[in-house]
Amino acid sequence: MATSLEKLADKIIRLNPEEAQQLGLIMRAKMMPEMARQQGLLQQQQTNPQAQQAMAIMGKRPGGQMPMPNAQQAAQQGLLR
């Protein structure tokens, strides 16, 4: 998969200015529905203070701040390869 992404990046880099402009238009058009959805969610969140409070609570870890494991603990938990 990495090689296909590298090939795609090479193709994008080699685009002439006209093709780059067309690609930009296509990308913006494809991103429009997602941007509109996110904008709608943002507006809904701004008008609903309970939603803001719920999002703030979801963003917090239960039990406060957890300490970072040292190398030995990370190895025991399988976090290191």
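This passage describes the fold, the surface and the confidence of a predicted protein model.

Residues are numbered from 1 along each chain as its sequence is written, and side-chain values use heavy atoms, without hydrogens and water. As the model is predicted, local features need pLDDT of at least 70 and side-chain atom pairs count only at pLDDT 80 or more, while totals for chains, interfaces and linings use all residues.

The protein has 4 helices and 0 strands (DSSP runs numbered from the N terminus, with at least four residues of H or I for a helix and at least two of E for a strand). From the N terminus, the order is α-α-α-α. Of the 81 residues, 2% are buried (buried means under 20% relative accessible area, exposed over 50% and partly exposed in between, with a 1.4 Å probe and protein chains only).

Helix α1 covers residues 2–13 and includes I12. I12 itself is partly exposed, at a relative accessible area of 44%.

Confidence is given as pLDDT, the predictor's own score for each residue from 0 to 100. The mean for the protein is 78, and 73% of the residues reach 70 or more. Helix α1 has the highest confidence, at 91, and helix α3 (residues 49–58) the lowest, at a mean of 68. Where pLDDT is low, the predicted coordinates should not be read in detail.
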